[in-house]
Amino acid sequence: MGNSLYEDIGGLSTLEKVHRIFYDKIYDHSWLKKFFESFDQQVIEDKQTSFMGEKFGGPAYTGKPLKQVHENMYISQELADIRHKLLRDSLIEAELPEELADRWLRIDDAFMQQVVKKSIASFYRDYRFKYKQRIIHPEPR
Ligand code: HEM
(Lines give C-alpha, C1' and ligand atoms only; values in the text may rest on other atoms or scores of the structure.)
Protein backbone atom coordinates (compact mmCIF):
# COMPACT_ATOMS: atom_id res chain seq x y z
CA MET A 1 0.00 0.00 0.00
CA GLY A 2 1.19 3.52 -0.82
CA ASN A 3 1.21 6.56 1.42
CA SER A 4 -1.94 8.57 2.02
CA LEU A 5 -2.32 11.86 0.17
CA TYR A 6 -2.02 13.48 3.62
CA GLU A 7 1.51 12.11 3.96
CA ASP A 8 2.42 12.71 0.31
CA ILE A 9 1.67 16.45 0.46
CA GLY A 10 3.63 16.86 3.69
CA GLY A 11 0.77 16.81 6.23
CA LEU A 12 -0.74 19.61 8.28
CA SER A 13 1.75 22.36 7.41
CA THR A 14 1.07 22.03 3.67
CA LEU A 15 -2.71 22.10 4.20
CA GLU A 16 -2.31 25.25 6.31
CA LYS A 17 -0.01 26.88 3.75
CA VAL A 18 -2.35 26.19 0.81
CA HIS A 19 -5.45 27.26 2.73
CA ARG A 20 -3.85 30.56 3.76
CA ILE A 21 -3.11 31.36 0.11
CA PHE A 22 -6.56 30.10 -0.97
CA TYR A 23 -8.64 32.03 1.58
CA ASP A 24 -6.56 35.18 1.04
CA LYS A 25 -7.83 34.97 -2.55
CA ILE A 26 -11.42 34.17 -1.53
CA TYR A 27 -11.56 37.03 0.97
CA ASP A 28 -10.19 39.29 -1.77
CA HIS A 29 -12.61 38.19 -4.48
CA SER A 30 -15.43 40.67 -5.12
CA TRP A 31 -18.14 37.97 -5.34
CA LEU A 32 -16.94 35.09 -3.14
CA LYS A 33 -16.00 37.37 -0.25
CA LYS A 34 -19.65 38.35 0.20
CA PHE A 35 -20.41 34.89 1.59
CA PHE A 36 -17.59 35.11 4.15
CA GLU A 37 -18.03 38.67 5.41
CA SER A 38 -19.25 37.68 8.90
CA PHE A 39 -16.76 34.80 9.37
CA ASP A 40 -13.24 34.95 10.75
CA GLN A 41 -10.76 33.85 8.07
CA GLN A 42 -8.51 31.90 10.46
CA VAL A 43 -11.48 29.88 11.76
CA ILE A 44 -12.63 29.07 8.22
CA GLU A 45 -9.09 28.07 7.19
CA ASP A 46 -8.74 25.74 10.18
CA LYS A 47 -12.07 24.05 9.41
CA GLN A 48 -11.17 23.58 5.76
CA THR A 49 -7.83 22.13 6.84
CA SER A 50 -9.57 19.70 9.20
CA PHE A 51 -12.08 18.69 6.52
CA MET A 52 -9.62 18.11 3.68
CA GLY A 53 -7.11 16.54 6.08
CA GLU A 54 -9.59 13.81 6.93
CA LYS A 55 -10.41 13.16 3.26
CA PHE A 56 -6.67 12.89 2.50
CA GLY A 57 -6.23 10.22 5.17
CA GLY A 58 -5.24 12.42 8.14
CA PRO A 59 -6.95 13.05 11.52
CA ALA A 60 -10.76 13.07 11.82
CA TYR A 61 -12.73 16.19 10.78
CA THR A 62 -14.09 18.16 13.73
CA GLY A 63 -16.62 20.42 11.94
CA LYS A 64 -20.25 20.22 10.91
CA PRO A 65 -21.64 18.14 8.01
CA LEU A 66 -20.83 19.87 4.70
CA LYS A 67 -24.26 19.73 3.16
CA GLN A 68 -25.93 21.16 6.25
CA VAL A 69 -23.47 24.05 6.56
CA HIS A 70 -24.11 25.20 2.97
CA GLU A 71 -27.79 24.27 2.62
CA ASN A 72 -29.05 27.86 2.85
CA MET A 73 -26.45 29.38 0.48
CA TYR A 74 -27.23 29.82 -3.21
CA ILE A 75 -24.00 28.45 -4.70
CA SER A 76 -24.24 28.26 -8.49
CA GLN A 77 -22.00 26.21 -10.78
CA GLU A 78 -20.51 29.50 -11.99
CA LEU A 79 -19.43 30.36 -8.44
CA ALA A 80 -18.11 26.82 -7.94
CA ASP A 81 -15.97 27.23 -11.08
CA ILE A 82 -14.49 30.48 -9.77
CA ARG A 83 -13.65 28.81 -6.45
CA HIS A 84 -12.10 25.85 -8.28
CA LYS A 85 -9.83 28.18 -10.26
CA LEU A 86 -8.73 30.04 -7.12
CA LEU A 87 -7.86 26.71 -5.48
CA ARG A 88 -5.91 25.58 -8.55
CA ASP A 89 -3.98 28.89 -8.58
CA SER A 90 -3.27 28.45 -4.85
CA LEU A 91 -1.88 24.93 -5.32
CA ILE A 92 0.40 26.20 -8.10
CA GLU A 93 1.52 29.14 -5.96
CA ALA A 94 2.31 26.76 -3.07
CA GLU A 95 4.44 24.76 -5.56
CA LEU A 96 2.70 21.44 -5.10
CA PRO A 97 3.75 18.87 -7.70
CA GLU A 98 1.14 18.70 -10.47
CA GLU A 99 0.14 15.11 -9.71
CA LEU A 100 -0.64 15.94 -6.06
CA ALA A 101 -2.45 19.15 -7.01
CA ASP A 102 -4.66 17.16 -9.42
CA ARG A 103 -5.55 14.63 -6.72
CA TRP A 104 -6.36 17.46 -4.30
CA LEU A 105 -8.61 19.18 -6.87
CA ARG A 106 -10.45 15.96 -7.75
CA ILE A 107 -11.33 15.33 -4.10
CA ASP A 108 -12.41 18.95 -3.58
CA ASP A 109 -14.57 18.80 -6.74
CA ALA A 110 -16.33 15.67 -5.50
CA PHE A 111 -17.48 17.53 -2.37
CA MET A 112 -18.41 20.62 -4.36
CA GLN A 113 -21.30 18.59 -5.74
CA GLN A 114 -22.80 18.55 -2.22
CA VAL A 115 -22.98 22.35 -2.00
CA VAL A 116 -23.89 23.43 -5.57
CA LYS A 117 -27.54 24.24 -6.31
CA LYS A 118 -28.85 23.40 -9.79
CA SER A 119 -30.96 26.53 -10.25
CA ILE A 120 -32.49 29.35 -8.26
CA ALA A 121 -35.91 27.71 -8.76
CA SER A 122 -34.77 24.37 -7.30
CA PHE A 123 -33.09 26.25 -4.43
CA TYR A 124 -36.39 27.97 -3.57
CA ARG A 125 -38.24 24.68 -3.87
CA ASP A 126 -35.80 22.53 -1.88
CA TYR A 127 -34.73 24.95 0.85
CA ARG A 128 -37.72 26.04 2.94
CA PHE A 129 -36.43 26.09 6.51
CA LYS A 130 -37.31 29.19 8.48
CA TYR A 131 -34.55 28.94 11.09
CA LYS A 132 -31.80 29.98 8.65
CA GLN A 133 -32.49 32.56 5.94
CA ARG A 134 -31.54 31.89 2.33
CA ILE A 135 -28.26 33.58 1.45
CA ILE A 136 -28.18 34.86 -2.13
CA HIS A 137 -25.43 37.13 -3.48
CA PRO A 138 -25.79 38.16 -7.12
CA GLU A 139 -22.55 38.77 -9.01
CA PRO A 140 -21.39 42.33 -8.18
CA ARG A 141 -20.97 44.67 -11.13
C1 HEM B 1 -18.41 28.53 -3.82
C2 HEM B 1 -18.54 27.55 -2.94
C3 HEM B 1 -18.56 27.72 -1.43
C4 HEM B 1 -18.94 28.80 -0.68
C5 HEM B 1 -19.48 30.15 -1.14
C6 HEM B 1 -18.76 28.43 0.72
C7 HEM B 1 -19.04 29.25 1.80
C8 HEM B 1 -18.91 28.90 3.13
C9 HEM B 1 -19.25 29.73 4.26
C10 HEM B 1 -19.85 31.15 4.17
C11 HEM B 1 -18.98 29.04 5.39
C12 HEM B 1 -19.21 29.49 6.85
C13 HEM B 1 -20.57 29.02 7.27
C14 HEM B 1 -20.79 28.89 8.75
O15 HEM B 1 -19.83 28.75 9.50
O16 HEM B 1 -21.97 28.89 9.15
C17 HEM B 1 -18.44 27.76 4.99
C18 HEM B 1 -18.03 26.76 5.86
C19 HEM B 1 -17.37 25.64 5.47
N20 HEM B 1 -17.13 25.23 4.18
FE21 HEM B 1 -17.74 26.17 2.49
N22 HEM B 1 -18.27 27.15 0.78
C23 HEM B 1 -18.13 26.68 -0.50
C24 HEM B 1 -17.65 25.45 -0.88
C25 HEM B 1 -17.09 24.52 -0.03
C26 HEM B 1 -16.51 23.26 -0.42
C27 HEM B 1 -16.46 22.72 -1.85
C28 HEM B 1 -16.02 22.68 0.71
C29 HEM B 1 -15.30 21.37 0.88
C30 HEM B 1 -14.51 20.82 -0.02
C31 HEM B 1 -16.32 23.56 1.82
C32 HEM B 1 -15.98 23.34 3.15
C33 HEM B 1 -16.41 24.06 4.23
C34 HEM B 1 -16.16 23.69 5.62
C35 HEM B 1 -15.43 22.45 6.08
C36 HEM B 1 -16.77 24.67 6.42
C37 HEM B 1 -16.81 24.75 7.96
C38 HEM B 1 -17.95 23.94 8.52
C39 HEM B 1 -18.15 24.16 10.01
O40 HEM B 1 -18.43 25.30 10.40
O41 HEM B 1 -18.03 23.21 10.79
N42 HEM B 1 -16.97 24.67 1.34
N43 HEM B 1 -18.42 27.71 3.60
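This is a predicted model: local features need pLDDT of at least 70, side-chain atom pairs count only at pLDDT 80 or more; totals for chains, interfaces and linings use all residues.
**Exercise 1.** Work out which residues of H6 are buried and which exposed residues sit on the face turned away from them.

*Solution.* 
Step 1. Check the helix itself: H6 has 17 residues, and the distance from its first C-alpha to its last is 24 Å, close to the 24 Å expected at 1.5 Å a residue.
Step 2. List the buried residues of H6: Leu-79, Arg-83, Leu-87, Ser-90 and Leu-91. Because they cover an arc of only 115° around the axis, they are on the same side of H6.
Step 3. Relate this to helix geometry: an α-helix has 3.6 residues a turn, so residues three or four places apart point the same way.
Step 4. Turn to the other face: Gln-77, Glu-78, Asp-81, Lys-85 and Ile-92 are exposed there, away from the buried side of H6.
Step 5. Find the cover: H2 and H7 are among what covers the buried residues of H6.

**Exercise 2.** State how many residues make up the largest nonpolar core and which helix gives the most to this core.

*Solution.* 
Step 1. Count the members: the largest nonpolar core has 12 residues, including Ile-9, Phe-22, Met-52, Leu-87 and Trp-104.
Step 2. Assign them to helices: H2 (12-26) and H6 each supply at least two residues of this core. The most comes from H2, with 5 residues.
Step 3. Compare with the general pattern: in soluble globular proteins, nonpolar side chains tend to be buried together.

**Exercise 3.** Describe the shell around the ligand: how many residues surround the ligand, and which are the closest?

*Solution.* 
Step 1. Count: the ligand is surrounded by 21 residues, the closest being Lys-47, Phe-51, Gly-63, Lys-64 and Phe-111.
Step 2. Name the elements: two or more residues of the shell come from each of H3 (33-36), H4 (41-55), H5 (66-70), H6 (77-93) and H7 (98-112).
Step 3. Sort by type: the shell holds 14 nonpolar, 3 polar and 4 charged residues.

Conventions. Residues are numbered from 1 along each chain as its sequence is written. A residue is near a molecule or strand if its C-beta atom, placed from the backbone, lies within 6 Å of it. Helices (H or I, at least four residues) and strands (E, at least two) are DSSP runs, numbered from the N terminus. Ala, Val, Leu, Ile, Met, Phe, Trp, Tyr, Cys and Pro count as nonpolar, Asp, Glu, Lys and Arg as charged, and the others, Gly among them, as polar. A nonpolar core is a set of buried Ala, Val, Leu, Ile, Met, Phe, Trp, Tyr and Cys residues joined through C-beta atoms within 7 Å. A residue is buried if 20 or more other C-beta atoms lie within 10 Å of its own, exposed if 12 or fewer, and partly exposed in between; C-beta atoms are placed from the backbone. The expected span of a helix is 1.5 Å times one less than its number of residues. The arc is that of the directions from the helix axis to the C-beta atoms. Two residues are in contact if their C-beta atoms, placed from the backbone, lie within 7 Å.
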